[in-house]
Amino acid sequence: MAMLNVVDVKKSFAGTQAVRGVSFNVEPGELFGVLGPNGAGKTTTIRMILDILRPDSGSIEVLGGPMDESKKNRIGYLPEERGLYRNLKVIDCMVYLATLKGIERNEARKRASAYLERVELGHVAQKKVSELSKGMQQKVQFGTTILHEPDIVIIDEPFEALDPVNTRMVKDLLFDIRREGRAVLMCTHQMHLIEEMCDRIVMFNRGEIVLNGTLRDVRRRFAPNAVWVEGNGSFDNLPGIESVQTENGQVQLNLQAGTSPQSVFQALASRGDTSIDRFEVAIPSLDDIFVRVVNGERGQ
Amino acid sequence: MANKMLSVAQNEFIKHIRKPTFWLAVFGMPLLIAVVGFFSQSSNNNNRSGFAVPGLGDPAKINEDILSGKLKIGFVDESGVIKGIPSSFDPQTASLYIQYPDVAQGLAAMEKTDIPALYVIPSDYLATGKVQRYSNQVNPFGDSLQSSLVELLLSTSLYPDNGSSYAFLLQQPTTQLKVEGPDGPINKATNEGERMQSAFVLGMGLALLLYISIFSSANLLLQSLIEEKENRVIEVMLSSLRPRSLLQGKILGLGLLGLVQVAIWITMGAVITGQGAALGSMMANVEIPVSAWLLALLSFVLGYAMYASLMAGIGAVANTMRESSQLTVIVGLPIIIPLMFLSVIIEQPNGGLTTGLSLFPLTAPVVLTIRSVLTSVPLWQVGLSLGLMVLTVLGLQFVTARMFRASTLLRGSKASFGAMWQALRQGE
């Protein structure tokens, strides 16, 4: 059973179509990445999943059926723009938001204390939220998202304002959630984190999904049919090579249609005057793919 | 969902009651009123040139009433204190009094509207100092003048050396006597005057209580909503519970806070001025049916829920406190309407205007309460009025919850009619 199933969802605001027939699903134990430029329809889609907005058409199934009030307790949400009571004590704020997810007050306090200790914020439990640094507030906010142990965690830019140490900490928490068979839907512009963490992605552009699949599949779709080579000797005049580009000591051999990387490797290896330090099928980064998609390219 | 609503209510209550600004408002407001009152009193005393008669009001008006012959005082003396109209009274003053041999004849005269009220000085008057009054008159303020004239008659009869006349009345305060209603209705004439006063006090009290509760709570409600819209907590909240539950929780929590504030003010006021006992005594003198008290309580709760929902609606639409303040005043206006028509409501508790105002939901809380004290309101009207109030509360919360949803997502921009209309069409 999919944790989340979005089918052909559309939404308009005052005549502007913000989401145009979006479909995707999120499976248990999956870290699912949502990419896209600003205004692409990601947040609107998330709000529809959370039942903050209603779709004009299409269907959204959460945990095997339509969203209802009890299911809200099984979802954790970290919005892009943070929402904490600045004048409340950290622990009180966390406990309050957890009670709204159906956790009993004492249990919520226990869990909040344990979480704060885990993320090294035990000493600020009695401080007001406004007294915390941005990074600390971010960790507190993340805690309010997962304190009730939701089956689905929806997080928008979870690593914003976090230093590398704290980023690692939050990543570990997300990996734990995945390991426990729960699902994470993560929106971020930090492509390297998507590449590092996510099993599958969708990319939004102008209200539609323009890419959907595993990272490997998506990259392959945008792969330039080239190989990267590093080493000594000449890389010219190889069979099946269309052109050669050199940048920062790395050579990119652009292959002719029908030429396989393996045949190029064999050709290189058979040359006595050439040594190979590195040979890699050229795969674009998500950053590159993002820019290309936003500029109108859809891949192969 | 009820638990979540209560969580919101609890959080709102605790969050605000811990704020120093709340306690500053609770104790600062009475202090301010006391200071203003003190200076105002001092100023009045300095400016006074002449006489002061408790409860008499404007001397020019009294004079006018006397000259036009409107003022007549009917009395029955069972105590034997009054040996005729004192000779020291000037003819004009003496002509105000009509003595009846017994209560039955006095009441008959009152029924014929020869006199607006009948004062009965009982046989144990000298021991108790109490006088009974019967009246069909519907002006709660008229009684004080008549009572003062009875006081004048009694004090002159008891202490003839003081001299007595209308001129004396204007020059020297009389000893105030305790005037009270009879134990129960006699024929159709009952202690209506005091009932009017009670209705007036209850109506005014309810209106003021509503006003203070609503506007002290509404300010907090608006602050709370705007704060949550600004810092985006509201989006997290809406992912956890329905807008209506959020709204109801806030209204409940802040409503209780408002009641605490009002209760503290009333207690402080009663203790400081010593009026609590007097008010209690006045109310105790009049038999206000339990049903009227219950209706007053119900009206208050529904009234608060209605106005608080309206205020929450303002909070949903407005992005800043400044934007909201103008709308707040407009929304609060209907509470004042019953006060503007108070004399009509009291004089004609079953009249068309009064009935209309008691059915119109925004004025019903105050008007229905006053009517229920003054008269026997037809059951269908009570039911209809309460039903309309309940429907209004539900309708307002229905609309406000949806506006909430729309405006939450339009932070920083003015909520357009289009967006609001779209939100209203959405299910909850």
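What follows is a conversation about a predicted model with chains A and B.

Reader: Before I look closely, what rules were used for numbering and for what counts?

Author: Residues are numbered from 1 along each chain as its sequence is written, while chains are lettered from A and ligands numbered from 1 in the order in which they are written. This is a predicted model, in which local features need pLDDT of at least 70 and side-chain atom pairs count only at pLDDT 80 or more, whereas totals for chains, interfaces and linings use all residues.

Reader: What average pLDDT does chain A have?

Author: Chain A averages 88, and 99% of its residues score at least 70; pLDDT is the predictor's confidence in each residue, from 0 to 100. Helices here are DSSP runs of H or I with at least four residues, strands are runs of E with at least two, and both are numbered from the N terminus.

Reader: And what is the average for chain B?

Author: Chain B averages 73, with 69% of the residues scoring at least 70. Confidence in chain B is highest in helix α16(B), at 92, and lowest in helix α8 (residues 166–171), at a mean of 45.

Reader: Where does pLDDT stay under 50 in chain B?

Author: One such stretch is residues 47–59 of chain B, for which the model has 17 contacts beyond four places in sequence, and another is residues 138–142 of chain B, with 10 contacts of that kind. A contact means that the C-beta atoms of two residues, placed from the backbone, lie within 7 Å. Where pLDDT is low, the predicted coordinates should not be read in detail.

Reader: Switching to the interface, how many residues of chain B are in contact with chain A?

Author: There are 22 residues of chain B in contact with 22 residues of chain A. On the chain B side, α1 (2–17), α10 (233–238) and α19 (417–425) each supply at least two residues, and the largest share, 5 residues, comes from α10(B). That side of chain B divides into 8 nonpolar, 8 polar and 6 charged residues, where Ala, Val, Leu, Ile, Met, Phe, Trp, Tyr, Cys and Pro count as nonpolar, Asp, Glu, Lys and Arg as charged, and the others, Gly among them, as polar. For the model, the scores are ipTM 0.79 and pTM 0.69.

Reader: Back to α16(B): at what angle does it pack with α17(B)?

Author: Helix α16 (residues 352–359) and helix α17 (residues 364–374) of chain B pack at about 130°, with their axes 7 Å apart. Axes are lines fitted to C-alpha atoms, for helices over the stretch in contact, and angles run from 0 to 180 degrees between N-to-C directions. The two helices α16(B) and α17(B) are therefore oblique to each other, given that angles under 35 degrees count as roughly parallel, over 145 as roughly antiparallel, 65 to 115 as roughly perpendicular and the rest as oblique.

Reader: Which residues meet there?

Author: From α16(B), Thr354(B), Leu357(B), Ser358(B) and Leu359(B) meet Ala364(B), Val367(B), Leu368(B) and Arg371(B) of α17(B). By class, this contact of α16(B) with α17(B) has 5 nonpolar, 2 polar and 1 charged.

Reader: Now chain A, in what order do the strands of the sheet with β12 run?

Author: The order is β12-β13-β11-β14 in chain A, an open sheet of 4 strands with antiparallel pairing, where strands pair if DSSP finds at least two bridges between them. Its edge strands are β12 (241–247) and β14 (275–281) of chain A, each pairing on one side only. Strand β11 (residues 226–232) of chain A pairs with β14(A) over 6 bridges, and Trp228(A) stands opposite Glu280(A) in β14(A). Helix α9 (residues 261–269) of chain A packs on this sheet, and its direction makes about 175° with that of β14(A).

Reader: What lies between β9(A) and β10(A)?

Author: Strands β9(A) and β10(A) form a hairpin with 2 residues between them, and Arg206(A) in the turn has a positive phi of about 50°. Strand β9 (residues 200–205) and strand β10 (residues 208–214) of chain A pair in the antiparallel sense over 6 bridges, with Arg200(A) opposite Thr214(A) in β10(A).
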